[in-house]
Amino acid sequence: GSDALALSETVKPGFHSRATLASLGSASTSFGSTGRSVIGSLSGTGASTVGSGPTPRGGRKTRVESAVKDDMKYIMATDMQLIDTDSSEELPRFMAWVKSKHAHLVRLWHTLDSDGSMMLHKAEFLQGLKKLKYPGNVERLWGLIDRDTTGNVSFIEFAPEAALDLARFKKWTLQKFGSTKELFKALDEDHSGSITLREFSHACNQQGLPDDLKDTIKTLFLLLDTDEGVGKGSISQDELSFLDKWHPPPYFWESPDYQARTRFEEALMARHNQNMLMAWRRALDKDNSMRVGYEEFVIQCKSLSKRGLAEAHPATGITALYIALDEDRSGWFTLRDWDSESFDRLAKFWRWCRKEFGTVAKFAKAAESLDVETDSSELDKGGVSYEKFSKAVRPLEFSYAERVQLFEALQATTKRSEGKAGRIFQVDVGFLDKWDPDREIKEDNLWAAMVNARENKAYSLKTSSSMKTDGGQ
């Protein structure tokens, strides 16, 4: 898939040390921290929560609306920080336009997704922005947004952070009320046929909205309110039915099974000469996109299971295994998620090839022309033998085991004729010239900083709430 950046609050590519987001398998969990071993709950966007209990008269509406505006400033600032990781000026231009004309991405989504399908096709996206008189290059913008090159952009891709909040809210809705129709009845306290922000926040707290969802109230209201303006609209029954039209993917709800992951990794290594990079290329990333999506993973696991790898279909399910790899529930994971040592080794090789030869394919061409002592019968086979590869990468100071593992992994993933087997050809490594490991790392750092900031806000909020309760305030 394409490596272009997401335009929204989060970054989509998978990372090894990404801050863990929501454990959506339960309605209320503790906040997570950066790293693989901790699964936590993603706090909702915003600096503060709307207070619980009856809404007092005078001044409260202004404070709530002010908090919503602050919330949007936070979202837009995060968007711009992440977008700056791309050298293109198109995304910053787009986000500045979104902020000035539509306040935030969610409201623009409602405008573009006119049929409420929760999916934007390319034509729908291009025509919609042209109709809204977007001043930038629409075609170029689409190329940056449609990072998996499917020709479609889902709501999760467009605004993933908001999608996570919405998914958690929908789960609570179904568990508590059974349907959005019953939810609307409960929230519409004055039976006016519409729900204001004040009414929405008060009713959610009265109806027992879980603590780890309370700080998403403002964002949820904005998501469901399609009217213009920030914090001044209302939600109708039709607008709330927006929840019914969107079906979050299974990996939003499942809890990870880390033991299943360990067993899966060990089983694949046993089949691939204890080489994690080879296992990645031959069993998982078969399209050489350097990422594995959820649907792709399910297909590969079912195939592996049918071929005797029982660990590919654990008792807890393939989705639980997948979430142990895609910890932030972005919809895919990368080599860095799969095995950080393999990622580091391949990234080191990639950087060196780019610096010394321009591309990895040109490295293969240069290595093929090296003179090494070999059997004369090997001379006419072409490609890069291990001897040539080992000599070519000598400046990288890889150990013997590292050279062997990298050489094995870079060979074609499909069977070759006996004369060409065990060699690397330019076509075998061409996929690496579409990859940018440094970009992944930069996105990783920004993602971790963003989530840590959100978790710190949530922690401060909980601490403040606890202190008020203890103090009898």
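Helices here are DSSP runs of H or I with at least four residues, strands are runs of E with at least two, and both are numbered from the N terminus. Keep that in mind for every label I use.

Now the ground rules. This is a predicted model, where local features need pLDDT of at least 70 and side-chain atom pairs count only at pLDDT 80 or more, while totals for chains, interfaces and linings use all residues. Residues are numbered from 1 along each chain as its sequence is written, and side-chain values use heavy atoms, with hydrogens and water left out.

The overview first. The protein has 24 helices and six strands. Of its 473 residues, 55% are buried. Buried means under 20% relative accessible area, exposed means over 50%, and partly exposed is in between, with a 1.4 Å probe and protein chains only. Next, contacts, meaning heavy atoms within 4.5 Å. Take those between residues at least 6 apart in sequence: 68% of them join residues at least 24 apart.

Two single helices next. The expected span of a helix is 1.5 Å times one less than its number of residues. Helix α2 covers residues 90-102, which is 13 residues. From first C-alpha to last it reaches 17 Å, close to the expected 18 Å. Its buried residues are E90, L91, P92, F94, M95, W97, V98 and H102. Just after α2, A103 has a positive phi of about 75°.

Helix α7 runs over residues 160-176. Its 17 residues should span 24 Å, and the end C-alpha atoms are 24 Å apart, so the two agree. α7 is mostly covered, with 14 of its 17 residues buried. Just after α7, G178 takes a positive phi of about 90°.

Stay with phi for a moment. Most residues other than glycine have a negative phi. Q274 is not a glycine, yet its phi is positive, about 55°. Where does Q274 lie? In the loop between α14 and α15. Q274 counts as partly exposed because its relative accessibility is 46%. M290 also is not a glycine, and its phi is positive at about 65°. M290 sits in the loop between α15 and β5 (291-293). At 3% relative accessible area, M290 is buried.

On to the helices on either side of Q274's loop. Two packed helices are described by the angle between their axes and the distance between the axes. The axes are lines fitted to C-alpha atoms, for helices over the stretch in contact, and angles run from 0 to 180 degrees between N-to-C directions. Helix α15 covers residues 276-284, and it packs against α14 at about 95°, with the axes 9 Å apart. The two are therefore roughly perpendicular. The cut-offs: under 35 degrees is roughly parallel, over 145 roughly antiparallel, 65 to 115 roughly perpendicular, and the rest oblique. Which residues make the contact? From α14, F264, E265, L268 and M269; from α15, M276, A279, A283 and L284. By class, that is seven nonpolar, no polar and one charged. Ala, Val, Leu, Ile, Met, Phe, Trp, Tyr, Cys and Pro count as nonpolar, Asp, Glu, Lys and Arg as charged, and the others, Gly among them, as polar.

F264 brings us to aromatic pairs. Rings of Phe, Tyr and Trp (its six-membered ring) pair if their centres lie within 6.5 Å; planes under 30 degrees apart are stacked, over 60 edge-to-face, and the rest tilted. The count is 33 pairs. F264 and W338 form an edge-to-face pair, 6.1 Å centre to centre, with 75° between the planes. That pair links distant parts of the chain: F264 in α14 (residues 258-271) and W338 in α18 (residues 335-338), 74 residues apart. F264 is buried at 0% relative accessible area. W338 is buried too, at 1%. The rings of Y386 and Y400 have centres 6.3 Å apart and planes at 85°, so this pair is edge-to-face. Y386 is in α21 and Y400 in α22, 14 residues apart. Is Y400 buried or exposed? Exposed, because its relative accessibility is 56%.

F389 lies in α21 (residues 386-392). At 0% relative accessibility, F389 is buried. Not counting residues up to four places away in sequence, F389 touches F349, F363, V384, R403, L406, F407, L410 and I424. Helices α19 (residues 340-357) and α22 (residues 400-410) have axes that come within 11 Å and cross at roughly 80°. That makes α19 roughly perpendicular to α22. R345, L346 and F349 in α19 meet E402, Q405, L406 and L410 in α22.
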